[in-house]
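Hello,

Here is the structure I said I would hand over.

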Amino acid sequence: MMKKGILMIVLAAASITALGQTLEECQQAAERNYPLIRQYGLIEQTTALTVENIQKGWLPQVSASAQATYQSDVTAFPEQMQAMYQQLDINMQGLKKDQYRVGIDISQTVYDGGAISSQKAIARQQGRVEEAQNEVNIYNVRKRVNEMYFSLLLLDEQIVLNRDLQELLSGNERKLASMLKGGTAAESDYLNVKAERLNVAQQLTNLQAQRQTVARMLGVFCGIEVGKVAKPVQYVAVSQQQSAIRPELKALDAQIGLLNAQEKGLDAALKPKLGIFAQGFYGYPGLNLFDDMMHRQWSLNGIIGARLSWNIGALYTRKNDKARIQLQRELTETSREVFLFNNQLEQIQQDESIGRYRKLMADDEEIISLRAAVRKAAESKLAHGIIDVNDLLREINQENAARVQQSIHEIEMLRQIYELKYTTNK
């Protein structure tokens with residue numbers, strides 16, 4: 001039973017390999033493999049750390065300091081009072097000019113007017129802007145995959161047609177060899193067809209080398225080994241003037257959100273801030289200057305209190321800051337309009353190209369049928385000596401050119417369909 005299951009898995013994998021990679025599989029593999037995909041996690045982690053650091057603004061702020069100073073003068077009693085103290089046998093030395101202090105300051109924000117909340121909102125929105133821009137860069141990967149994928153498809157079609165052409169030339173070469181033995185054909189005709197076959201064989205070598213190069217490039221880009229590729233189905237073309245759902249528009253929305261968050265931050269900057277604080281220090285002089293004048297000893301001192309501050313400096317630049325944000329908002333909206341306008345033009349152009357290729361393909365089969373009939377007639381005429389081998393080669397090449405054109409029309413139509421799908425992201 002287990003062997004049967006393993007056999008089914010192997011057969012399924014073989015069938016997938018035989019069908020070849022689809023365009024969607026290559027696109028998904030390229031997006032997973034592309035280095036920019038790793039930035040998603042990095043941006044998220046960076047944003048989280050930034051918000052966490054901003055949130056710590058609510059924690060008590062502690063600072064330590066130490067200072068030593070020498071003053072040109074100090075606070076002292078008038079000479080009359082010093083004389084009176086001396087009469088009372090009180091030694092009033094006064095403050096020393098060299099002073100020392102080692103202390104700790106602690107402050108705690110109670111109300112910040114929404115400044116910390118505003119900073120966190122800006123940091124989060126900045127992260128969204130970076131993620132949206134990264135998504136734009138990753139989305140562009142699809143276009144590059146499309147280019148290489150359809151180039152590979154076109155090369156595959158040309159290789160098949162080249163082999164068919166070689167087989168056709170080989171058949172005529174064998175006929176001429178037989179006619180040459182029978183004396184009904186010239187040796188130059190035989191050599192001419194053989195040379196043409198060898199020339200086509202050289203073209204196959206070039207096509208295979210080009211295909212190998214493109215396949216390796218696509219494989220490196222997708223992070224997988226690309227062998228055979230499957231021709232995409234012919235999706236119904238999206239009609240023109242459809243609203244696009246592109247990541248570029250999401251990036252512009254994120255930019256607008258960032259500007260809105262920055263504008264709210266201007267309001268928070270105008271509000272007053274309330275906090276409590278505590279200061280403690282050990283040094284000389286302390287808070288009791290009278291005692292320090294008498295004893296000149298280091299002492300412990302402390303202060304606690306509340307502080308209300310209101311910095312109105314933001315009023316000076318508020319008008320210009322709001323005007324700057326509004327201008328940036330208008331620039332962003334203009335960028336949106338320009339993108340949508342260009343996107344609409346691309347849709348119209350691609351839709352017209354799809355229609356043009358459909359019309360061309362409608363006549364391709366008939367042209368090939370006619371060229372094949374003419375070529376067969378030329379082969380018969382050559383056998384009866386009515387035309388020379390150059391006329392036959394011309395008809396063979398024209399038939400092959402018609403088949404190549406059919407392949408080009410089909411691949412280019414598929415390319416345009418998927419370009420339209422890329423343009424609208426639908």
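Helix 2 and helix 5 are oblique to each other. For such labels, angles under 35 degrees count as roughly parallel, over 145 as roughly antiparallel, 65 to 115 as roughly perpendicular, and the rest as oblique. Before the rest, some ground rules: this is a predicted model, in which local features need pLDDT of at least 70 and side-chain atom pairs count only at pLDDT 80 or more, while totals for chains, interfaces and linings use all residues. Residues are numbered from 1 along each chain as its sequence is written, and side-chain values use heavy atoms, with hydrogens and water left out. Helices (H or I, at least four residues) and strands (E, at least two) are DSSP runs, numbered from the N terminus.

Helix 2 and its neighbours

Back to the pair above. The axes of helix 2 and helix 5 come within 9 Å and cross at roughly 135°. An axis here is a line fitted to C-alpha atoms, for helices over the stretch in contact, and angles run from 0 to 180 degrees between N-to-C directions. The crossing is right-handed; a crossing has that name if the near helix is turned clockwise from the far one by less than a right angle, and is left-handed if anticlockwise.

Which residues meet where helix 2 touches helix 5? From helix 2 they are Leu 23, Cys 26, Gln 27, Ala 30 and Glu 31, and from helix 5 they are Ile 138, Val 141, Arg 142, Val 145, Asn 146, Tyr 149 and Phe 150. Contact means heavy atoms within 4.5 Å. By class, this contact has eight nonpolar, two polar and two charged residues. Ala, Val, Leu, Ile, Met, Phe, Trp, Tyr, Cys and Pro count as nonpolar, Asp, Glu, Lys and Arg as charged, and the others, Gly among them, as polar.

Helix 2 covers residues 23-33, and its buried residues include Leu 23, Cys 26, Gln 27, Ala 29, Ala 30 and Glu 31. Buried means under 20% relative accessible area, exposed over 50%, and partly exposed in between (1.4 Å probe, protein chains only). The buried residues of helix 2 pack against helix 5, helix 6 (187-222) and helix 10 (389-424).

Helix 5 and helix 9

Helix 5 (residues 115-182) also meets helix 9 (residues 314-383): their axes come within 11 Å and cross at roughly 15°. That makes the two helices roughly parallel. Their crossing is right-handed. Helix 5 contributes Leu 168, Asn 172, Lys 175, Leu 176 and Met 179 to the contact, and helix 9 contributes Arg 375, Glu 379, Leu 382 and Ala 383. These residues divide into five nonpolar, one polar and three charged.

Four strands form an open sheet in the order 1-2-3-4, with antiparallel pairing. Strand 1 (61-70) and strand 4 (299-309) stand at the edges with a single partner strand each, so one side of each has no neighbour in the sheet. Neighbouring strands are turned by 20° against each other on average, direction ignored. Two strands pair if DSSP finds at least two bridges between them. As background, strands of a sheet pair through backbone hydrogen bonds, either parallel or antiparallel.

Strand 1 is joined to strand 2 by 10 bridges. Two examples are Val 62, whose bridge partner in strand 2 is Ile 106, and Ser 63, whose partner there is Asp 105. Is strand 1 in the open or buried? Of its 10 residues, the number buried is zero, so strand 1 lies largely in the open.

Strand 2 (residues 98-111) is joined to strand 3 (residues 273-284) by 11 bridges, and these two run antiparallel. Ile 104 stands opposite Gly 280 in strand 3, and Tyr 100 stands opposite Tyr 284.

Single residues to look up

The peptide bond from Tyr 284 to Pro 285 is cis, with omega near -5°. Pro 285 sits in the loop between strand 3 and helix 8 (289-295).

Arg 296 lies in the loop between helix 8 and strand 4. Its phi is near 50°, a positive value in a residue other than glycine. Arg 296 is partly exposed, at 29% relative accessibility.

Asn 425, in the segment after helix 10, has phi near 55°, again a positive value in a residue other than glycine. Asn 425 is partly exposed at 26%.

Finally, Asp 267 belongs to helix 7 (residues 247-270) and is partly exposed, with a relative accessible area of 33%. Asp 267 and Arg 318 are 51 residues apart in sequence and 8.8 Å apart in space, C-alpha to C-alpha.

Regards
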